[in-house]
Amino acid sequence: MNVAIMGHGVVGSGVAEILYTNPETIAKRTREEIVVKRILDLRDFPDSPYADRFTKDFNDILTDDSIRVVVEVMGGIHPAYDFVKQCLEANKSVVTSNKELVATKGAELLAIAAEHNVNFMFEASVGGGIPVIRPIHQCMAANNILSVAGILNGTTNFILTKMIEDNMGFADALALAQKLGYAERNPSADVDGHDACRKICILAALAFGKHVYPEQVHTEGITSLTLEDVSYAHDWGGVIKLIGQTKMLDDGRISIIVCPMLLKNSCQLSTIDDVFNGIMVKGSFTDDVMFYGKGAGKLPTASAVVADVMDCVKHIDTRKYLFWEDNHDPSYVADYLEQSVCLYVRTEKGCKDCVEKVFGPVEVLTRDGAPETEFAFITPRMVEKDARAKLQTLEEQGVEVKTTVRVGEI
């Protein structure tokens, strides 16, 4: 069975390596020998053991009818989207690890795959080497999925772990993540929450059957968090983590958000540290199911891609039912400001009396070394729009709101 790989970066080279070095085991499990016939990349790799298979021309893959499965690991939308669409229309199954592509174009590409009786698979797009797409789609298929919540980005989790455990400021923790290769030179996709947003969009679509676009999701990153906030969380008996969360509401809409959350130490996600990811899925019959592991890395991610390739090979000329509807109804995603929350708030020039005149009774937090002008508290539960209005009232009275973080309910 001939396959092609589009992109020979970190993940693409890992896919080629696994297929090249482990052919007997793969053939035994698929009952087909899988051969990498073409690798698309603009660069040259003269020292590669498969140097003769490289091409710079996409048409060498598209027009080769012997290539039945194509791996897309180029990243981004263009030209990946155009290439994947053309491959599906040419009756080739496609496997990708490209979370941006799936989050943005997944519904369309799944429909094209269905029309041409081929498969579009993307296990590695969420959680890297952590199996989560297939278990939700297959193993939990008898359940109604009620909610999904997780630590979906290893870079931000590493940074927060350094802030929590080593008292390292955000800037220093980010610099260390970049030095170790966990963060890009431009870390915005990670620290501003965009990577986690794309992943929770995919999980929401899979769980609830309708596409959710990244621009529909309220997304916050971790750049405004400080060691003071980490210290207050510790005193409260918890930690701050960047969480992607989605729930099915009683009225058929969904709530979905990416933001830092204050989690009690008793929450399973609170103990996931460093570059590890954790995803908790609540089913109507299974209750909570937890997926944990390294969410990135060359070979863990490549192994998930190869597993999808093997699945496609096993299902040549048949479709696996992996599908969700496209959806452009703006009312499907509930306004996050309509949801009930408790907020952690750190202020300058605040005090218990002035805060409680606006909010009513609050939970006062303390930390060692806090200046007298600093006051931190957790609000009562209320609709977030109302909580934000009350914070505005405090600021009009001269209280400076420094940080707000939602208290997680997972």
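What volume does the second largest pocket have? The second largest pocket comes out at about 360 Å³, in a predicted model where local features need pLDDT of at least 70, side-chain atom pairs count only at pLDDT 80 or more, and totals for chains, interfaces and linings use all residues. Residues are numbered from 1 along each chain as its sequence is written, and side-chain values use heavy atoms, with hydrogens and water left out.

A pocket here is an open set of points on a 1 Å grid over the protein atoms alone where a 1.4 Å probe fits, with protein on both sides within 12 Å along at least five of seven lines; lining residues have an atom within 4 Å of a point. The volume is the space filled by probe spheres set on the points, which are joined across faces, edges and corners.

The lining of the second largest pocket holds 21 residues, with Q245, K247, Q339, S340 and V341 nearest its centre. Strands (DSSP runs of E, at least two residues, numbered from the N terminus) contribute to this lining, and β10 gives the most, with four residues.

The largest pocket, in turn, has a volume of about 1100 Å³. It is lined by 37 residues, and K99, E184, D195, A296 and G297 are the closest to its centre.

Turning to the cysteines, zero disulfides (pairs of cysteine sulfur atoms within 2.5 Å) are found in the whole structure. The cysteine sulfur nearest to C87 is that of C312, 12 Å away.
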